[in-house]
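Hello,

Here is the structure I said I would pass on. Please have it open while you read, as my notes follow below.

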Amino acid sequence: MERVAQSAFSGRPSALGRWLVLSLALHVALVGGILALRALSPSPVVKLDPEPIKASLVRLGKPRDQKLLPRKEELLPPPPAAKVAPAPVPAEPPPPAPRPGPALEEEVPAPRPTAKEKPSPDESRKKLLGAFDRLGRTPRAPPEEAEGALDGEVDGDAARQEGDRYLGLVSARVKRHYDVSETISPDKRISLRAEVFIRISRTGDVMDAKLVRASGNDLFDAAVLAAVKRAAPLPPPPALLVNEFQREGVTMVFKP
Amino acid sequence: MRTLRLLLLLAAVPLPALAQRTVEISGANFRPLPLAYPAAMAQGAGADVTRELDDTLQFDFAAAGIFQLLDRAGYLSAASEGVDAASIKFANWSNVGAEMLIKVQVAETGNGAVRADLRAYNVGSGSEQFKISESGQAANVRRVAHLLADKVYEKLTGEPGPFRSRIAYVRKTGSNKDVFVADWDGKNPKRVTAGGLNLLPALHPDGETVAFTSYMRGRPDLFAQRPGVMPKLLENRGQMATGVAYSPDGKHIAYSLATGESAQIYIALADGSEAKAITNTSAFINSSPSWSPDGKRITFVSNRAGSPQVYVMNWDGSQVRRLTFQGSYNQTPDWSPRGDLIVFTARDERNAFDIFTVHVDSGKISRVTQGQGNNEEACFSPNGRLLLFTSSRGGARELWISTLDGEQQRKLSLERGDYTTPDWAR
């Protein structure tokens, strides 16, 4: 009878609501815990060297018999230079006939608007719209504190992956200039390790390059510094990470 | 709801900032050091002496394998530029691609002696890397130059340079084939034998005594001889004794002795005594022995598998192992003083003779020469970084020095003749 007496519209405690709150709390705690663990764990060294996939086109032909001695890769002969007919010597151009107007269009001075020429309301509107249009098309400078979405995570995966991808590009660029002297004995090469700290501007310029850990071999140290300098300018960092690479920089660990 | 708000607030607490990024870069391109070496300057020394020292140093740097000696024609600085850091315009040297600059000054010190001062600069930093001075008689200025080059090499690599080492070879003149010993650059040659047919010389580690096969008694026997001294007989048994090689300590020899249809590898004391066969393959030929740097193993050629191939074994003949499985005509192996490689001559499928190396442990074969005439009979330099071999690319067979990858090759400047079977003392 009590049940009947209760109004269907009167508030009554709901078991579902409590479960919902509990479930939400558990989810938040779980996600928070995972994020905290990730943030507190040391940042892994990005080893990018083995990762890039080298793709090369294999020349069409019969595979070499394994019993035969190896041959050095022979460069294909350059295609014979196409016989280029000597360019006809241009005849002395006849002197331009005097023309009534200005000789060249470039030389026409731009007509200056005079105070008397008032733009019509239509023209004003077009100008205004044009200005807005130009404003819209002008590339905006990346925001100084562009750290991602407002509700994003500081150590979000996107930023890390973006950074790794960018460092891959930097690594590839530096590696192209990573020339080390043959004078270093093969026995000594194994133990060489040098570290260079660099800061990268938003345009990719190397703002600062310091040898923070010398290898003990002057030639190797000079070679790694030269590699960084010759590789500049580096690819510009992604907008999201401009501040990080500009302020905190990156340490490059060089090994032979 | 209050609990929910609290949890959301906790989740929004900022977490620690990103750790500084680190990127590892490896896979350096090892390449010869771009070196600028302008002509040595005379400071009271005669022009001829200075030029000879200069020529010698120039060859040493160019053929060393660790430098890319830049062409003097491209130098931007005046030849009169000083030798001290203050007077050097390093930008000029940097602009021609130099990373190291070497300046040499030669002075006469009286009594026919000269002193050469060498300064090596790091072009990038404009700083002096080291300075070396060497003295000697003007008549022996080439040796002063080799000494300087050796010290430069050692300063840069930490290894002894090969520039004062000696080589031996056979030079054919008319109907004679004589054994010669010379400096590493082919200069200062001394004829060891006195005409007739002399073959396959091997230099003792002392750089002067040379063992070889000679027909001086009408049949191919083994002899050892120093220039200007009478030859000593080492072996006169069998039908032919060839391919002698000294052990690294110079106390033993290994050679091939042919009897009947076969030839076996023998080892003996350096004077030829206590000889004993260490191979026993009655129907096959075993030849061209060469010692490993520790003197415990020997590489040689054998046709026991049907075609001449390179093998290794212990110096008592045990643990024979075939090393080459590519190519059908591999011969004249020489074991690197570093121990890791054996260089050999092979005839490829185009019937060209070329130089190859095989890795002792992995058996991996790499090609040194290709498309440059016939290249044969290679041997290692004492530091294992260079090869000396014959090449017919210019017509007659001449002696060439090459890096192990064949990227840098240089011909020895020798008198006319047909040159064969070189050996490098080590």
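**A helix in chain A**

In α6(A), the buried residues are A:Leu219, A:Phe220, A:Ala222, A:Ala223, A:Val224, A:Ala227, A:Val228 and A:Ala231. Before going on, please keep in mind that this is a predicted model. Helix α6 of chain A covers residues 218-231, and its 14 residues should span 20 Å at 1.5 Å a residue; the end C-alpha atoms are 20 Å apart, so the two agree. An α-helix has 3.6 residues a turn, so residues three or four places apart point the same way.

**Chain B as a whole**

Chain B holds 4 helices and 32 strands. Its C-alpha trace spans about 105 × 80 × 40 Å along the principal axes. Of its 426 residues, 46% count as buried. If you take the contacts in chain B between residues at least 6 apart in sequence, 43% of them join residues at least 24 apart.

**The nonpolar cores**

Which residues touch the most other members of the largest nonpolar core? They are B:Leu35, B:Ala211 and B:Leu387, in a core of 111 residues. Helix α4 of chain B (residues 141-157) gives this core its largest share, 8 residues. Apart from this core lies another, of 31 residues, and among them are A:Val180, A:Val196, A:Leu219 and A:Leu234. As background, nonpolar side chains tend to be buried together in soluble globular proteins.

**Around B:Leu35 and B:Gln68**

Not counting residues up to four places away in sequence, B:Leu35 touches B:Phe61, B:Phe67, B:Gln68, B:Leu69, B:Leu70, B:Ala98, B:Met100 and B:Ile102. One of these, B:Gln68, lies in strand β5 of chain B (residues 67-69). Is B:Gln68 buried, exposed or partly exposed? It has 18 C-beta neighbours inside 10 Å, so B:Gln68 counts as partly exposed; a buried residue would need 20 or more. Leaving aside neighbours within four places in sequence, B:Gln68 is in contact with B:Pro32, B:Leu33, B:Pro34 and B:Leu35. B:Gln68 and B:Thr403 are 335 residues apart in sequence, yet their C-alpha atoms are 12 Å apart in space.

**Two helices that pack in chain B**

Helix α2 of chain B (residues 47-63) packs against α4(B) at an angle of about 40°, and the two axes are 8 Å apart. The crossing of α2(B) past α4(B) is right-handed. On the α2(B) side, the residues that meet the other helix are B:Val49, B:Glu52, B:Leu53, B:Thr56, B:Leu57, B:Asp60 and B:Phe61. On the α4(B) side they are B:Val141, B:Arg142, B:Val144, B:Ala145, B:His146, B:Leu148 and B:Ala149. B:Phe61 is also among the residues that B:Leu35 touches.

**The sheet from β20 to β23**

Chain B has an open sheet of 4 strands in the order β20-β21-β22-β23, with antiparallel pairing. β20 (286-291) and β23 (321-322) are at the edges with a single partner strand each, so one side of each is left without a neighbour in the sheet.

β20(B) and β21(B) run antiparallel and are joined by 4 bridges; B:Asn286 stands opposite B:Ser302 in β21(B). These two strands form a hairpin with 5 residues between them, and B:Gly295 in the turn has a positive phi of about 75°.

Strand β21 (residues 297-302) is joined to antiparallel β22 (residues 309-314) of chain B by 6 bridges. Here B:Val301 has B:Val310 as its bridge partner, and B:Ile298 stands opposite B:Met313. The hairpin of β21(B) and β22(B) has 6 residues between the strands, and B:Gly306 takes a positive phi near 110° in it. In β21(B), 5 of the 6 residues are buried, so this strand is largely enclosed by the rest of the structure.

**The sheet from β28 to β31**

Another open sheet in chain B has 4 strands in the order β28-β29-β30-β31, with antiparallel pairing. Its edge strands are β28 (375-380) and β31 (409-411); each has a single partner strand, so one side of each lacks a neighbour in the sheet. From one strand to the next, the twist averages 25°. β30 (residues 398-403) and β31(B) run antiparallel with 3 bridges between them, and B:Ser402 has B:Gln409 as its bridge partner.

Best wishes

How values were computed: Residues are numbered from 1 along each chain as its sequence is written. Chains are lettered from A and ligands numbered from 1 in the order in which they are written. This is a predicted model: local features need pLDDT of at least 70, side-chain atom pairs count only at pLDDT 80 or more; totals for chains, interfaces and linings use all residues. A nonpolar core is a set of buried Ala, Val, Leu, Ile, Met, Phe, Trp, Tyr and Cys residues joined through C-beta atoms within 7 Å. A residue is buried if 20 or more other C-beta atoms lie within 10 Å of its own, exposed if 12 or fewer, and partly exposed in between; C-beta atoms are placed from the backbone. Two residues are in contact if their C-beta atoms, placed from the backbone, lie within 7 Å. Two strands pair if DSSP finds at least two bridges between them. Axes are lines fitted to C-alpha atoms, for helices over the stretch in contact, and angles run from 0 to 180 degrees between N-to-C directions. The expected span of a helix is 1.5 Å times one less than its number of residues. A crossing is left-handed if the near helix is turned anticlockwise from the far one by less than a right angle, and right-handed if clockwise.
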